[in-house]
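Student: I would like to go through this structure and ask what stands behind the words used for it.

Tutor: Go ahead; each answer will set a value against its cut-off.

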Amino acid sequence: MIDFRISETDQRILDQVAAEAKAGEKYARHYEDHEHEALPDSFPEAAVFTPLPKLLAGRAKDDTPAATFQMLVSFARQAQNGVPLRGNVSRGGAGLGNAALRAAGTKEQIEKWGGLTLAMSITEPGAGSDTKAIQTTARLDGEEWVLNGDKIFVTTGIRAEGVVVWATIDKNAGRAGIKSFLVMKGTPGFDIVRQEKKLGIRTSDTAAYAFRDCRIPRENLLGGDESAPREKGSASYRGVMKTFNMTRPGVASGGVAKALGALRFAEAALADQGLAVDWHADFHRRSAAQQKLIEMEADAEAAALTVLYAAWLADQGRSNNLEASVCKAKGGEVCRTVPQRAMELLGAMSISHDHLVEKYLRDGRISDIYEGTGQIQRLIIARSILDYSSEELT
Amino acid sequence: MISFQPTEEQALIADSLDAFARDVLRPRARAVDEAGAIPDDILQQGWELGLIGAAIPEAYGGSGGERSPMTGAIVLERLGTGCASLGSAIMAASGFVNALLDFGTDEQKREYLPLFTGAAPHFAGLALQEPQWGFGPDALRTTAERRGKGWVLSGAKRLVPFGDRSSHFLVVARRDERIDAFIVPRDTKGLSVAPESGTMGLKPLPTARLDLDRVELPGAARLGGEAGIDTARLLNLLRVGSAALAVGISRIVTDTAILYARERIAFGEAIGKKQAIAFMLADMHIECDAMRLMVWKAASQLEQGMDATKASVLAQDYVRRRAMKVADDGLQIFGGHGFIRDLPLEMWLRNTRAVTLLDGPVAI
């Protein structure tokens with residue numbers, strides 16, 4: 001049965017998640033101003049709140065399925081502006097590199113490295129979305145791979161204990177030559193060049209790396225496949241791209257959450273000024289501001305539903321390649337348009353550091369960029385619906 | 001518990017209506033629009049699907065199925081992919097029948113529901129729209145006054161579907177701040193029915209204007225009796241019905257444009273291989289999904305008897321904006337061919353404009 005109701009148990013969990021995230025807002029401005037200051041592993045306020053795994057343990061088996069509920073948790077948490085109150089250092093297994101390891105690693109590799117926090121390093125100064133253009137090389141020398149190249153935009157790149165690096169073992173093989181390698185921090189020839197300064201998501205560190213004759217063990221190639229067949233695509237490349245189908249709804253949920261957060265902020269602030277939507281008044285009896293609030297809410301809701309749908313398909317074990325891109329495109333849309341409009345409705349005081357509403361615009365903006373820009377999502381969707389290969393539609 | 005899984009019955013209905021839309025409605029849609037009239041044979045075929053009588057209790061001669069706004073939304077989207085005009089015609093009695101099912105007293109159900117369970121199509125129109133610019137159901141000018149135990153209705157109603165052959169009308173009118181609906185037999189003194197001049201969209205759908213000149217009705221004419229009706233729910237059933245139909249049009253526009261973009265060659269390659277066109281198609285696909293989910297959420301709340309006003313207004317607002325863009329972009333991809341009436345693109349644009357403005361050629 002098609003149903004959108006949230007059980008009382010789940011609603012209580014979501015309320016607690018939101019309350020904990022809200023409690024972190026008292027530190028938000030400090031870390032905006034001290035961007036590269038590392039967060040403590042936990043803040044004293046965390047003690048008041050039950051940790052999420054414990055909350056989740058009380059859920060009924062026949063309730064909203066796990067991945068779908070995870071999206072609701074993400075909406076609840078990220079619609080608040082608080083810094084994370086706990087797990088800021090000891091969060092092994094949670095990095096984007098961990099998702100890649102789980103998707104492409106051998107059983108032994110997953111056992112060996114799964115407990116570490118792993119970053120994912122793909123982007124280079126000359127290769128972003130066009131990943132097959134990456135220039136970082138890996139050359140086999142005896143029982144070691146030798147890595148050379150520059151990497152940028154590495155999320156959690158400072159804090160991570162290890163990093164999954166994309167490099168080519170054969171530049172003439174195109175995608176088939178691209179492999180992922182696990183490199184531990186502290187390996188000679190692996191340098192952190194700098195920590196980036198950003199528009200938003202400032203508590204998430206972003207690093208630039210340099211690899212200069214960096215030698216790693218031969219068995220650090222994820223999946224262990226050293227072949228580079230010169231034909232269309234390769235299993236390991238597709239394996240890594242598959243990672244994104246699983247992570248995209250999560251990233252999209254962040255964009256939706258920032259839209260929802262900005263909308264709720266504007267609604268509450270404007271209600272204090274006597275402006276609220278009368279849901280029973282027809283279009284012609286609404287003010288421009290009321291109509292704008294309705295459009296923002298409709299857009300945010302539509303995006304939220306595409307995220308829930310993509311996650312729900314994953315919960316059912318069904319393919320969600322297309323829907324993952326659909327929801328990522330929608331999350332990317334509303335993370336931009338809704339905070340922008342919220343500030344327009346609130347007026348000039350919304351830019352003031354007295355308030356946190358401007359943070360939604362800055363923090364949300366990345367959601368239409370990382371893990372595939374909105375344009376990349378549209379390419380994926382267009383190829384799928386037009387039945388074109390990546391060579392036919394570029 | 002959140003779920004996007006239609007029931008087995010809903011999946012079966014969707015499959016059979018996909019076939020009906022593809023094999024029966026779509027091949028006739030263009031010619032029917034040109035002719036400006038609904039052919040009787042399609043009305044009969046549509047009637048035989050049993051969609052109108054599905055939720056009428058067996059005691060009144062119906063199929064006794066569950067009353068399901070969610071199923072209604074699935075049905076209307078499917079019919080919309082075939083032809084919005086023919087779909088609206090087949091479902092034209094849904095506004096009257098669903099309102100009776102949801103709000104009618106036992107006596108009203110017993111009297112009127114059996115009309116819709118026969119072998120031949122039967123029509124009764126929902127009269128909501130009024131002539132003034134900027135009309136909205138929150139600012140009705142048609143009034144209902146108490147007279148003794150009865151009622152007196154005054155005002156004008158426009159664009160009433162199948163007004164030409166409706167045996168009854170459900171007239172929505174205002175009494176002070178309250179909104180009520182009244183069952184008005186066609187031959188009631190003071191009621192005059194005249195055909196409309198024609199409409200830009202849903203062109204073949206016959207519509208009528210009603211003039212109510214101090215129409216006197218018995219007390220029993222008020223839908224729901226002394227309790228009256230849940231007006232918000234009635235409006236929501238109409239809003240979501242129109243929106244579901246519009247999603248169907250958007251889907252067929254998108255699917256048709258995808259096929260064309262693969263075939264049409266310009267500058268040496270299919271236009272679908274150019275990002276300017278491919279990205280428009282991607283956005284059209286994205287919005288079909290997003291609109292459908294908005295409609296589903298509102299329909300599912302109506303199914304559960306919740307206050308679905310917010311979800312319905314949001315779905316209506318979203319579909320109104322996005323379905324127009326999809327229909328418009330679909331036409332643009334066809335260029336000049338989209339403007340020529342040989343192809344259905346211009347018809348889909350007109351039909352989308354119509355169903356996203358009208359509350360209630362159909363209801364879920």
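**Values and cut-offs**

Tutor: Chain A is divided into domain 1 (8–78), domain 2 (96–231) and domain 3 (237–386). Keep in mind that this is a predicted model.

Student: How far apart do domain 1 and domain 2 of chain A lie, by their C-alpha centres?

Tutor: Their C-alpha centres are 30 Å apart. The contact takes five residues from domain 1 of chain A and four residues from domain 2 of chain A. On the domain 1 side, these residues are two nonpolar, one polar and two charged.

Student: Why does the size of chain A agree with a compact globule?

Tutor: A compact globule of 394 residues would have a radius of gyration near 21 Å, and chain A has 22 Å, so the value agrees. The C-alpha atoms of chain A fill a box of roughly 75 × 50 × 45 Å along the principal axes. The secondary structure of chain A comes to eleven helices and seven strands.

Student: Why does chain B agree with the globule rule?

Tutor: For 364 residues the rule gives a radius of gyration near 21 Å; chain B has 20 Å, and therefore it agrees. The C-alpha trace of chain B spans about 80 × 45 × 40 Å along its principal axes. Chain B has eleven helices and nine strands.

Student: Why is A:Thr156 called buried?

Tutor: A residue is buried if 20 or more other C-beta atoms lie within 10 Å of its own. A:Thr156 has 21 C-beta neighbours inside 10 Å, so A:Thr156 counts as buried. A:Thr156 lies in the loop between β3 (144–155) and β4 (162–168) of chain A. Its phi is positive, about 60 degrees, although A:Thr156 is not a glycine.

Student: What makes B:Leu202 buried?

Tutor: B:Leu202 has 27 other C-beta atoms within 10 Å, so B:Leu202 is buried. B:Leu202 is found in the loop between β6 (191–195) and β7 (207–217) of chain B. B:Leu202 also has a positive phi, of about 45 degrees, without being a glycine.

Student: Is A:Arg202 buried or exposed, and how do you know?

Tutor: A:Arg202 has 22 other C-beta atoms within 10 Å, and therefore A:Arg202 is buried. A:Arg202 lies in the loop between β6 (190–195) and β7 (206–217) of chain A. Leaving aside neighbours within four places in sequence, A:Arg202 is in contact with A:Tyr31, A:Glu32 and A:Glu35. A:Arg202 and A:Glu37 are 165 residues apart in sequence and 9.6 Å apart in space, C-alpha to C-alpha.

Student: Why is strand β5 of chain B largely enclosed by the rest of the structure?

Tutor: Strand β5 (residues 178–185) of chain B has eight residues, and six of them are buried, so the strand is largely enclosed.

Student: What makes β4(B) and β5(B) a pair of strands?

Tutor: Two strands pair if there are at least two bridges between them. Eight bridges join strand β4 (residues 168–175) of chain B to β5(B), and the two run antiparallel; the pair therefore meets the cut-off of at least two bridges. One of the bridge partners in β5(B) is B:Ile183, facing B:Leu170. The two strands form a hairpin with two residues between them, and B:Asp176 in the turn has a positive phi of about 50 degrees.

Student: Which residues touch the most other members of the largest nonpolar core?

Tutor: That core has 184 residues, and B:Phe182, B:Leu281, B:Met294 and B:Val295 touch the most other members. Apart from it lies another core, of 36 residues, among them A:Ala100, A:Ala103, A:Ile152 and A:Trp166.

Student: What does B:Met294 touch, not counting residues up to four places away in sequence?

Tutor: B:Met294 touches A:Glu301, A:Ala302 and A:Leu305 in chain A, and B:Leu314, B:Ala315, B:Tyr318 and B:Val319 in chain B.

Student: How many residues of chain B are in contact with chain A?

Tutor: 39 residues of chain B are in contact with 40 residues of chain A. On the chain B side, α8(B) gives the largest share, 14 residues. The residues of that side divide into 22 nonpolar, nine polar and eight charged.

Methods
Residues numbered from 1 in each chain as written. Chains lettered and ligands numbered in written order. Predicted model: local features only at pLDDT ≥ 70, side-chain atom pairs only at ≥ 80, totals over all residues. Core = buried A, V, L, I, M, F, W, Y, C linked by C-beta atoms within 7 Å. Buried ≥ 20, exposed ≤ 12 C-beta atoms within 10 Å, placed from the backbone. Contact = placed C-beta atoms within 7 Å. Helix = DSSP H or I, 4+ residues; strand = E, 2+ residues; numbered from the N terminus. Nonpolar A, V, L, I, M, F, W, Y, C, P; charged D, E, K, R; others polar. Domains from an automatic or database assignment. Rg over C-alpha atoms; globule rule 2.2 N^0.38 Å.
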